[in-house]
Amino acid sequence: MSQTRWRILFAEPFAAQAVARMREIGEVRELTNCDESDLVNAVADCDALLIRTYSRVTRRVLEAAPRLRVIGRGGVGLDNVDLEAARERGVTVVYTPGAATEGVADLTFALMLALVWDLRGCDAGVRGGRFGETRAVVVPRGLHALTLGIIGLGRIGKAVARRAIHGFGMSVLFNDIVDPGPLDFSATRVEKDRLYAESDVISLHVPLTDTTRGLIGESTLARFKPGAVLINTSRGAVVDSYALDHALRSGRLGGAGLDVFDPEPLPADHPLLSAPNTVFTPHVGARTALAQERMNAVVEDVIRVLQGLAPQYSA
Ligand code: NAD
């Protein structure tokens with residue numbers, strides 16, 4: 001068994017060190033495209049498949065990979081892997097929970113502060129020779145006077161809550177389908193309807209699942225406090241982007257800060273791209289050097305599985 005040369009497929013870019021590490025134990029191939037058909041064609045003789053955000057490991061991909069033993073997802077969300085089909089076929093899925101937690105929590109506040117302080121408008125005013133005119137606008141309320149509603153109090157939701165309470169003095173409501181147990185901060189667990197009605201800022205930290213796809217749509221947005229701000233650093237498809245666009249244009253919603261979109265990137269003519277009171281980032285929540293290092297370390301768990309050892313983090 002120790003003489004086996006494993007066949008390893010990188011479907012998306014990983015750090016050179018991660019690729020080099022896998023070359024120590026097997027033959028490595030790297031794809032430049034990761035559409036379903038690219039994967040189906042490439043996985044046939046693979047023992048291990050390394051992916052990040054954009055590969056869709058569907059049942060069809062898994063059926064085309066009779067030798068596959070392990071999928072390594074450098075990252076957190078597993079919505080791009082058919083976990084049930086993987087389980088049925090005895091394929092272990094390993095990933096890197098926690099790798100991006102602090103970065104995504106930071107970014108949540110970057111988006112929130114940019115909206116509450118209208119940083120885009122301020123910056124344009126200074127550059128456009130409208131210093132005094134721009135300065136005349138008064139920020140209605142700073143973060144300390146706002147209630148934050150967190151949907152999904154997992155790793156990232158908790159890191160956001162800590163910053164909100166200990167860093168900014170915000171009041172925090174949260175909703176989760178699971179009881180988070182004892183917390184090291186003071187936040188109130190509420191039903192979603194109460195969270196929608198009472199939060200000035202609503203921040204999404206749920207995984208993309210059958211129950212969260214389209215969670216924030218026309219009927220939910222109608223229950224938000226008028227003028228509320230939405231932050232989404234989770235997955236684009238948790239929000240109906242057309243309903244969001246409408247709520248922003250009608251003034252029902254005060255603003256939206258988005259790091260994630262559906263699809264990514266949005267088509268150039270998508271209305272949301274020109275909606276008012278928005279700040280967008282291109283899915284950069286995990287783009288800190290430390291998060292990237294931790295995500296690349298998924299190769300160690302892939303190797304453990306190939307060697308018949310228990311991985312550190314499996315789905
Ligand atoms: P986690 O599993 O620790 O937390 C998710 C929480 O959501 C859990 O507590 C879960 O019980 C809760 N939840 C699930 N369905 C729910 C529902 N219907 N209503 C309320 N709560 C629900 O995950 P995490 O590490 O905090 O990451 C959360 C998500 O953030 C990931 O799944 C991923 O999609 C996204 N993410 C984005 C980036 C980025 O670059 N923007 C980086 C990392 C993770």
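How many nonpolar, polar and charged residues does the shell around the ligand have? By class, the shell holds 12 nonpolar, 11 polar and five charged residues, where Asp, Glu, Lys and Arg count as charged, Ala, Val, Leu, Ile, Met, Phe, Trp, Tyr, Cys and Pro as nonpolar, and the others, Gly among them, as polar. This is a predicted model, in which local features need pLDDT of at least 70 and side-chain atom pairs count only at pLDDT 80 or more, while totals for chains, interfaces and linings use all residues. Residues are numbered from 1 along each chain as its sequence is written, and side-chain values use heavy atoms, with hydrogens and water left out.

**Ligand contacts**

- Arg-155, Ile-156, Asp-176, Lys-192 and Asp-259 come nearest among the 28 residues around the ligand (a heavy atom within 4 Å).
- A backbone N or O atom of Arg-155 lies 2.9 Å from a ligand oxygen atom.
- For Arg-235, an N or O atom in the side chain is 3.4 Å from an oxygen atom of the ligand.
- For Gly-285, a backbone N or O atom lies 3.4 Å from an oxygen atom of the ligand.
- Of the 870 Å² of accessible area that the ligand has on its own, the protein covers 89% (Shrake-Rupley method, 1.4 Å probe).

**Domains**

- The protein is divided into domain 1 (3-99 + 290-306) and domain 2 (101-280), with bounds from an automatic or database domain assignment.
- The C-alpha centres of domain 1 and domain 2 are 32 Å apart.
- Eight residues of domain 1 are in contact with five residues of domain 2 (heavy atoms within 4.5 Å).

Conventions:
A polar contact is a pair of N or O atoms within 3.5 Å; within protein, one must be able to donate a hydrogen and the other to accept it, and residues adjacent in sequence count only if both atoms are side-chain atoms.
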